[in-house]
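Take a look at the structure below. We will walk through its parts, then see how they meet.

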Amino acid sequence: MQYKKTADAWAMFLLLLGSVFMIAPFIWTLSTSLKHQQHIFDLPPKWIPSPATFGNFQAVWEESPLLFGFLNSMTIVVVVLTVGLFVSAMSSYAFGKFEFPYKGVLFMGLLGTMMIPYSVVMIPQYIGFSALQWVDTLLPLIVPGLFGNIVVIFFLKQYLAGALPNDLIEAAKIDGSGFFRIFWTIALPIMKPALAAQAALGFMGIWNDFLGPLIYLHTPEKQTIQVLIASMQSMYISGSNYPMIMAAAVIAMLPVILVFFFCQRYFVESLAISGIKG
Amino acid sequence: MKNKLPGYRKKELWWIYSFVLPPVLGFLIFGLAPILYSIYMSFHHWDMLSPPEWIGLANYVDLLKDEKFYKSIFNTFYLLLGIPIGMVVSLLLAILMNRKLKGISVMRTIYYLPVISPIIAVSLLWQWILNKDYGLLNNFLWQLFGIEGPNWLGEADWVKPSLILIGLWGGVGGTMVLYLAGLQSISSTYYEAAEIDGAGGWQKLKTITIPLLTPIHFFVVVMGVIGTFQSFSQIYVLAVDGGPEYSGATIVYYIFQNAFAYFNMGYASAGAWVLGLIIFLITLVQFKLSDRWVYQE
């Protein structure tokens with residue numbers, strides 16, 4: 001069909017045009033990060049840096065405790081995701097597959113917490129954690145995540161409803177398997193794809209989080225990568241040292257983009273599983 | 001058989017409750033307790049140094065007289081304009097992407113990249129692009145159209161449009177994916193029937209695509225409003241100290257400043273409650289109105 005072909009060509013053309021706008025800021029960032037300071041004001045702007053230098057990356061890495069930033073962010077991600085996801089998986093199994101007194105009330109209560117804006121609990125939480133002397137440690141950013149997350153629980157519960165037949169649990173019971181054993185050997189392995197999807201999303205959420213770490217972490221060596229990067233603004237922008245800032249931005253973005261490329265399939269799956277299809 | 005064994009059921013219940021206990025505890029410690037404490041705080045004056053002092057409704061009364069607070073509310077509402085614009089652009093993109101084209105998955109990745117990128121890094125790169133004299137955008141405008149671009153982040157009138165622009169760039173990819181999933185669930189028989197009736201492209205869009213996607217429109221609007229009312233990180237980087245004439249400050253930014261720059265904890269708590277109330281009311285109204293326009297299968 002001639003009509004369809006022209007339409008396809010137009011669609012491709014428009015998408016390509018749009019993608020230039022989407023990707024240009026990234027390329028510009030990378031390009032600036034490889035430039036010498038005196039060349040960033042060249043007009044018209046040059047996309048390909050000449051001469052190119054990796055000096056900005058080296059300088060930023062040396063002048064700011066970025067390695068600590070990475071480690072701190074990583075610590076939060078790893079601890080919260082392993083414990084938090086496991087705890088969420090446990091309660092989603094209990095909520096999804098069993099009847100028990102007060103189940104409805106408990107679950108609705110938890111869903112209700114999704115309605116509370118962070119800004120409402122942020123101040124009392126800060127006061128509580130500072131009373132515990134936890135300010136300027138990673139604990140306020142880790143501990144609340146260890147209790148599971150209602151969004152994840154809800155998601156896993158939906159997933160289990162379709163993926164784990166009740167008969168399978170009954171059969172295992174008759175075979176004499178205990179509660180935890182059934183969860184561990186049957187339910188948990190079945191949840192794997194859903195858990196992987198939530199891990200990918202969780203990584204993004206925690207790695208990119210800013211407000212919480214900004215409030216709690218004050219010593220540069222204890223800050224997460226995002227807080228460190230944000231503090232570079234005041235360090236370098238007054239001197240218009242954009243190559244340094246852009247090098248820092250590239251460093252902060254790189255892990256996320258890498259994870260995204262390798263885990264893309266889980267992102268798509270998480271959308272499919274949550275059933276946002278209209 | 002299982003329920004006839006009281007011993008087994010009892011043990012099972014014990015397990016069940018220990019499985020649901022952590023999130024319930026988490027809710028009590030990190031949700032309910034802070035909420036109650038925050039209400040209590042909002043009736044006090046407290047700088048975290050001297051003991052809290054009961055002042056009744058004074059914080060709320062002061063908020064009503066606080067020009068900066070009104071400004072931050074106005075700014076936040078202004079930023080909501082980005083939601084309908086983003087929906088139109090995302091839907092358009094999704095329709096284009098719904099065709100079987102070569103390299104479409106690469107396209108999807110490109111459009112989705114800003115969604116996953118850290119908001120802080122993204123804000124820093126936009127600050128560079130929007131630089132008045134050397135920024136990419138103004139250079140582009142000058143070379144292509146001979147337009148002298150504004151001082152995007154340096155003029156009170158341009159800060160909010162800039163924030164909306166950046167929000168669009170960062171958000172359309174996510175909304176587009178939702179629409180794409182929606183489009184793929186619409187049965188092609190609707191379109192075939194419409195074609196037999198002689199409907200053109202625009203009519204099909206108006207009478208089939210847009211109405212059948214109303215659950216997604218609804219989801220996008222509700223989440224978009226909640227997200228806009230919570231926006232903070234980009235403000236922190238792009239509108240330093242709230243921007244020129246406080247034109248970029250959002251409600252959360254204002255609360256943050258009061259709490260963690262001025263250590264005015266009671267006042268900030270009162271502000272947080274006003275914000276919570278606004279979000280709650282708007283969401284409630286949206287759900288009430290949804291019966292009238294959201295298509296249910």
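A salt bridge, as the term is used here, is a side-chain nitrogen of Lys or Arg within 4 Å of a carboxyl oxygen of Asp or Glu. Keep that rule in mind. The model you see is predicted.

Start with chain A. Chain A splits into domain 1 (1-53) and domain 2 (65-274). Their centres, taken over C-alpha atoms, are 34 Å apart. The two domains do touch. Ten residues of domain 1 of chain A are in contact with ten residues of domain 2 of chain A. The side of domain 1 of chain A that touches domain 2 of chain A has four nonpolar, five polar and one charged residue.

How much area is buried between these two domains of chain A? The value is about 710 Å², with 80% of it on carbon and sulfur atoms. On the side of domain 1 of chain A, A:Thr29, A:Ser33 and A:Gln37 lose the most area to domain 2 of chain A. Together they make up 51% of what that side buries.

Now turn to chain B. Chain B is divided into domain 1 (7-60) and domain 2 (61-293). Here the C-alpha centres of the two domains lie 32 Å apart. The contact takes 14 residues from domain 1 of chain B and 13 residues from domain 2 of chain B. About 1100 Å² is buried between domain 1 and domain 2 of chain B, and carbon and sulfur atoms give 58% of that area. In domain 1 of chain B, the residues that lose the most area to domain 2 of chain B are B:Met48, B:Asn59 and B:Tyr60.

Three elements of chain B, α1 (6-42), β1 (44-45) and α2 (58-65), each supply at least two residues of the domain 1 side. Of the elements on that side, α1(B) gives the most, with five residues. By class, the domain 1 side of chain B that touches domain 2 of chain B has eight nonpolar, five polar and one charged residue.

Next come the annotations for chain B. An unreviewed UniProt entry lists "transmembrane region" for residues 12-40, 77-97, 109-129, 162-181, 216-239 and 259-285 of chain B. Check two of these spans in the model. Residues 77-97 of chain B are 90% helix and 0% strand, and their end C-alpha atoms lie 31 Å apart. Residues 162-181 of chain B are 100% helix and 0% strand, with end C-alpha atoms 30 Å apart. The unreviewed UniProt entry also gives "domain: ABC transmembrane type-1" for residues 72-286 of chain B. Over residues 72-286, chain B is 76% helix and 0% strand. The end C-alpha atoms of that stretch are 22 Å apart.

The size of an interface is often given as the accessible area lost when the parts come together. Between chain B and chain A, that area is about 8000 Å², and carbon and sulfur atoms give 80% of it. Three residues, B:Phe19, B:Phe30 and B:Trp128, supply 11% of the area that chain B buries against chain A, more than any other three residues. The contact takes 89 residues from chain B and 91 residues from chain A.

Which polar links cross between the chains? There are 14 residue pairs in polar contact between chain B and chain A, both residues at pLDDT 80 or more. The largest share of the side of chain B that touches chain A comes from α1(B), with 23 residues. That side of chain B has 67 nonpolar, 15 polar and seven charged residues.

Salt bridges also cross here. The rule finds two of them across the interface of chain B and chain A. In one salt bridge, B:Arg99 pairs with A:Asp8, and the closest N and O atoms are 2.5 Å apart. A search of the whole structure finds seven salt bridges over all chains. Why does the pair of B:Arg99 and A:Asp8 join two chains? B:Arg99 lies in the loop between α4 (82-97) and α5 (104-116) of chain B, while A:Asp8 lies in helix α1 (residues 2-33) of chain A, so the pair joins two chains.

How values were computed:
Residues numbered from 1 in each chain as written. Chains lettered and ligands numbered in written order. Predicted model: local features only at pLDDT ≥ 70, side-chain atom pairs only at ≥ 80, totals over all residues. Heavy atoms only, no water. Domains from an automatic or database assignment. Contact = heavy atoms within 4.5 Å. Buried area = accessible area lost by both parts, 1.4 Å probe. Helix = DSSP H or I, 4+ residues; strand = E, 2+ residues; numbered from the N terminus. Nonpolar A, V, L, I, M, F, W, Y, C, P; charged D, E, K, R; others polar. UniProt positions renumbered as here; feature names shortened; annotations may be inferred. Polar contact = N/O pair within 3.5 Å; in protein donor to acceptor, adjacent residues only side chain to side chain.
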